[in-house]
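Have the structure open as you read.

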Amino acid sequence: MTGSDTPTVFYFGYGSNMLKANLVGVKGVEPVRMIPGVLRGYELDFSFTQCGMGTGNITANEDEEVHGALIEVTRDGWEKLQRFESGYKEVKKMVTPYKERIPVEASVFIVTQEDAPGRYDKDGQPSANYLKILIKGAEELGIDQAYVKQLKNVEPVNQRTQPTPDEIEKINSKTFTIDEVKALEGAPHTIIRGIVLSCPGLPVVSIDSTSSLANRWVHATPENTASPDQYPPELVEYLQVALYDELITRYRVKILGKLATGHDGSLGYDDYPEHF
């Protein structure tokens, strides 16, 4: 395998970056080439955790192998990937493409317990939505069917449960006027599509910084999701959950109620996707 005239980097993606729509649409990295490959002497696990759910990682095991995407990217694309994959460390490994069968040195992201002691869990389990991304990416890439079957047999962590009927009723029964929202004290507050949110973990709440995240979290539609033609349903669902975890866990966003009729007042908590 040879690179193009532009300096490029080979990278081996074994997690969500196996799905081209995620690589291009979410991370803004257009691969020069993207083909199936295998890394021998390692096994896939989900030991790099966030918000109680595991994401892809690999661990040395001479009897196992990890299948994924051997991706050739430009230097600019590689720098973008490095920013997205913060927390992982980069190592060089020999990855064998399915067709050429000539090993290629590629960069691989790995996490050890020493690298991330607070986020490393050897028994970590992925979310069901994260698994869907891996499976869809593997199938589109043409990964070995036996390996895809292994992915399908992974047990996901229990997903977040639906709110109780009482909780839904409490949120939907509380309505605010614009003036009442402005008068709220304490944590910063914002309004997203008629939903009133308390945002104590956000240092600055503005329509630019908050709604760009919350719009995708609440309603992923062609109007508020970038590059919708590149986002399969599995990826939209995964992004909703990821942003939910980011907003709820890290920034402690809380739904207080909704705006009175006249400002999308009919929209309430029970209109949210299933995992809320």
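## Strands 6, 8 and 9

Let's start with strand 6 (residues 175-176), which runs parallel to strand 9 (residues 254-259) and is joined to strand 9 by two bridges. Here Thr 175 sits opposite Lys 258 of strand 9. Strand 8 (residues 195-198) also pairs with strand 9, but antiparallel, through four bridges. In that pairing, Ser 198 faces Lys 254 of strand 9. Strands count as paired if DSSP finds at least two bridges between them. Strands themselves are DSSP runs of E with at least two residues, helices are runs of H or I with at least four, and both are numbered from the N terminus.

A word on what you're looking at: this is a predicted model, where local features need pLDDT of at least 70 and side-chain atom pairs count only at pLDDT 80 or more, while totals for chains, interfaces and linings use all residues. Residues are numbered from 1 along each chain as its sequence is written, and side-chain values use heavy atoms, with hydrogens and water left out.

## The chain overall

The protein chain has eight helices and nine strands. Of its 276 residues, 48% are buried (under 20% relative accessible area; exposed is over 50%, partly exposed in between, with a 1.4 Å probe and protein chains only). Among contacts (heavy atoms within 4.5 Å) with a separation of 6 or more, 69% are between residues 24 or more positions apart.

## Strand 2 and its partners

Strand 2 (residues 33-50) has 13 of its 18 residues buried, so the rest of the structure largely encloses it. Strand 3 (residues 53-74) runs antiparallel to strand 2, with 15 bridges joining them; Leu 70 of strand 3 is the bridge partner of Ile 35. Strand 4 (residues 89-97) is also antiparallel to strand 2, with two bridges between them, and there Val 38 has Thr 96 as its bridge partner.

## Two helices with a buried side

In helix 2 (residues 75-84), the buried residues are Gly 77, Trp 78 and Leu 81. They cover an arc of only 100 degrees around the axis (taken from the directions from the helix axis to the C-beta atoms), which puts them on the same side of helix 2. Their cover includes strand 1 (8-13), helix 1 (20-26), strand 3, strand 4 and strand 5 (104-110).

Which residues are buried in helix 4? They are Tyr 147, Val 148 and Leu 151. These fall within an arc of 100 degrees seen down the axis of helix 4, so they line one face of the helix. The buried residues pack against strand 2, strand 3 and helix 3, whereas Gln 145 and Lys 149, on the other side of helix 4, are exposed.
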